[in-house]
Amino acid sequence: MLAIFNPPVKRYRVEEPNNTTAFSIYFIFENFSIMDLATCPNLVSLFFDRAEARGEHPFLWAKVGGKYRPQTWREVAVQITELARGLLALGLKKGDRVVLVAENRPKWLIADLAIMAAGGVTVPAYTTNTV
């Protein structure tokens, strides 16, 4: 499985035993844990696994009052969970498509993961798109 990701420390490529062109990527994080992305079922699970492990470490940064302020992994996980529950309460069903129109900001990622966590499919649209 190929993943494009900029980990905090290093990225390693490990060739499969049969020496084919297929490979797995393992990431080594600051706490030296190793994650094999081939065993992760989806992005939502990957996020919540990392949020549980990283807890109060900074995850997303946003400018508030002229200064960049962090949101922790745990805070973002709570926001994703609350938004996903809200989408389900509004009647979102598995496989429903949800258009996400927003500027590039932390709330875009939160909304995207919440849509997927609720079983929806994110349909991204850029604010600069014209008809």
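Is Arg74 buried, partly exposed or exposed? Arg74 is partly exposed, with a relative accessible area of 42%; buried means under 20% relative accessible area, exposed over 50%, and partly exposed in between (1.4 Å probe, protein chains only). The views below show a predicted model, in which local features need pLDDT of at least 70, side-chain atom pairs count only at pLDDT 80 or more, and totals for chains, interfaces and linings use all residues. Residues are numbered from 1 along each chain as its sequence is written, and side-chain values use heavy atoms, with hydrogens and water left out.

**View 1. The protein chain has three helices and seven strands.** Helices (H or I, at least four residues) and strands (E, at least two) are DSSP runs, numbered from the N terminus. Read from the N terminus on, the order of the elements is β-β-β-α-β-β-α-β-α-β. The chain has 131 residues, of which 29% count as buried. Accessible areas come from the Shrake-Rupley method with a 1.4 Å probe; for residues, only the protein chains shown count as cover. Among contacts (heavy atoms within 4.5 Å) with a separation of 6 or more, 39% are between residues 24 or more positions apart.

**View 2. Confidence is lowest in strand E2 and highest in helix H2.** The score used here is pLDDT, the predictor's confidence in each residue, from 0 to 100. Its mean over the protein chain is 78, and 70% of the residues reach 70 or more. Strand E2 (residues 23–28) has a mean of 43, while helix H2 (residues 73–89) has a mean of 96. Over residues 1–16 pLDDT stays under 50, and the model has 41 contacts beyond four places in sequence for this stretch. Residues 20–32 also stay under 50, with 53 contacts beyond four places in sequence.

**View 3. Arg74 and Glu56 form a salt bridge.** A salt bridge is a side-chain nitrogen of Lys or Arg within 4 Å of a carboxyl oxygen of Asp or Glu. The structure holds one. In the pair of Arg74 and Glu56, the closest N and O atoms are 2.5 Å apart. Arg74 lies in helix H2 and Glu56 in the loop between H1 and E4, so the pair ties together parts that are 18 residues apart in sequence. Glu56 is exposed, at 52% relative accessible area.

View 4. Thr72 is in strand E5 (residues 67–72). Its relative accessibility is 11%, so Thr72 counts as buried.

**View 5. Phe47, Phe48, Phe59 and Trp73 are linked into a cluster by ring pairs.** Rings of Phe, Tyr and Trp (its six-membered ring) pair if their centres lie within 6.5 Å; planes under 30 degrees apart count as stacked, over 60 as edge-to-face and the rest as tilted. By this rule there are four aromatic pairs. The ring centres of Phe47 and Phe48 are 5.2 Å apart and the planes stand at 75°, so this pair is edge-to-face. Phe47 is buried, at 7% relative accessible area, whereas Phe48 is partly exposed at 27%. Phe47 and Phe59 also pair, and this pair is tilted, with 5.6 Å centre to centre and 50° between the planes. Phe47 belongs to helix H1 (residues 43–54) and Phe59 to strand E4 (residues 58–64), so the pair ties together parts that are twelve residues apart in sequence. Phe59 is partly exposed, with a relative accessibility of 22%.

**View 6. Val99, Val101 and Val123 make a nonpolar surface patch.** Patches are made of residues with over 30% relative accessible area and no salt bridge: like charges are joined within 9 Å, and nonpolar side chains (Val, Leu, Ile, Met, Phe, Trp, Tyr) within 5 Å. The area of this patch is about 240 Å². Val123 is found in strand E7 (residues 121–125). Val123 counts as partly exposed, at 32% relative accessibility.

**View 7. Ala89 and Ala118 are 29 residues apart along the chain.** Their C-alpha atoms are separated by 10.0 Å. Ala89 lies in helix H2. With 71% relative accessibility, Ala89 counts as exposed.
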